Amino acid sequence: MRKMVEKGRISAFQMGRMIYLAITPTAILTTPAITFKFAKQDMWISPIWAFCGLITLYAVFRLHAIYPGRNIVQACEAVIGRLPGKLLGALFLLYYLYLIGIILREYGEFVVGSFLFTTPLIVVSGSMVLVCAIAVRGGVEIVGRFAELLLPAFVTLFLFIIIPIIPDLRVPNMFPIMANGITPSLAGAFVLQTWFSELISASFLLPLVADQKKAKTSVLIALLMIVLTLVVANLATLMLLGDITGGYTYPFLILARYINLAEFFTHLEAIFMAIWVLGAFVKICVFFYVTVLGAAQWMNLSDYRPIVFPIGLLVTLSSMWVAPDLQKLTFSISTSVTFSAMTMFVIVPMLLLCLAWVQKRWRGTAAKG
């Protein structure tokens, strides 16, 4: 019998909010510049091709239907056997550790590079990990409540940046649409799959949802809202900055600096800082919790709390090791990280699903025989 490492429960509504905040914050920070390099004026179209998110969610829900109550790390053992399943599960967890390091490094680089110029990067990253570790030790219910509490603030602050600049947006910047066909927008969409593939985190949260019947609807709504948010962010950035969008590391931050209401409310970078810190906190909490929970289940522990702070230390060290500087980090996100995320979070789950489906059909045929 599988040990119940996590006894807490969340609602489908909370799960949807956790998924939204686990993807959107870092996406609106860095994707406008990265997407523009591939899609140019079609960058706002790229998030619409969210095919990777749908594929990942299909694998998540089908595997959960075949193996109820198990996440993808636990399902590995059931599908391909104990030893190979343990090895593949360890690979998933190590990749999650690597991915959290990237997320934490993005957070630290943004805060240090844009606001706290003289603060050591390790201090900014380490303090965030410490706060997230305290929240993760509280369990999934605490993380779910944080997401439920912070999402309205995140959306409000996001709109507070978009709405004031609407009069200054230049519609001609988005034309000509698809001048070079659909290829540029698809190239931009391929880079975005790094973020959409992160929907695999739903596999770890789904067994903890109290109202299972509403879980699928909640996650699909979250995916739709992620796409809508990225379309709005990319469109606003493009229509304000035009061809110089790709010249900024954080184009969406420029939108906040551009705001000028009656020459009184100006240079509202603090709003973007608040958006980023709130969103990054929930995002890191979700990925941190998923990693800790998966590691505890992989090691057959009865409680995940004792390993929270040790894994927090590994996360902090990982954020220092993932890249020597921000430029190489951004380049790796648009190249090697995209391919590895597609492999680990899209291709591997689909292969597991195919194997699980074949096993299910074979067992059904054997039973009839």
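**Helix α13**

Val-308, Ile-311, Gly-312, Val-315, Thr-316, Ser-318 and Ser-319 are the buried residues of α13 (buried: under 20% relative accessible area; exposed: over 50%; 1.4 Å probe, protein chains only). Seen down the axis of α13, these residues fall within an arc of 160°, so they line one face of the helix; the arc is that of the directions from the helix axis to the C-beta atoms. Leu-313 and Trp-321, on the other side of α13, are exposed.

**Basis of the model**

This is a predicted model, in which local features need pLDDT of at least 70 and side-chain atom pairs count only at pLDDT 80 or more, while totals for chains, interfaces and linings use all residues. Residues are numbered from 1 along each chain as its sequence is written, and side-chain values use heavy atoms, with hydrogens and water left out.

**Helix α1**

Among the buried residues are Met-15, Arg-17 and Tyr-20. Helices are DSSP runs (H or I, at least four residues), numbered from the N terminus.

**Cavities**

The structure holds 3 cavities of 30 Å³ or more. A cavity is a set of points on a 1 Å grid over the protein atoms alone where a 1.4 Å probe fits but cannot get out; lining residues have an atom within 4 Å of a point. Volume is the space filled by probe spheres set on the points, which are joined across faces, edges and corners.

The largest cavity holds about 60 Å³ of space, and α5 gives the most to its lining, with 4 residues. The second largest cavity has a volume of about 40 Å³; α14 supplies the largest share of its lining, 3 residues.

Methods: Helix = DSSP H or I, 4+ residues; strand = E, 2+ residues; numbered from the N terminus. 1 Å grid on protein atoms, 1.4 Å probe; cavity = no way out; pocket = protein on both sides within 12 Å on 5 of 7 lines; lining within 4 Å.
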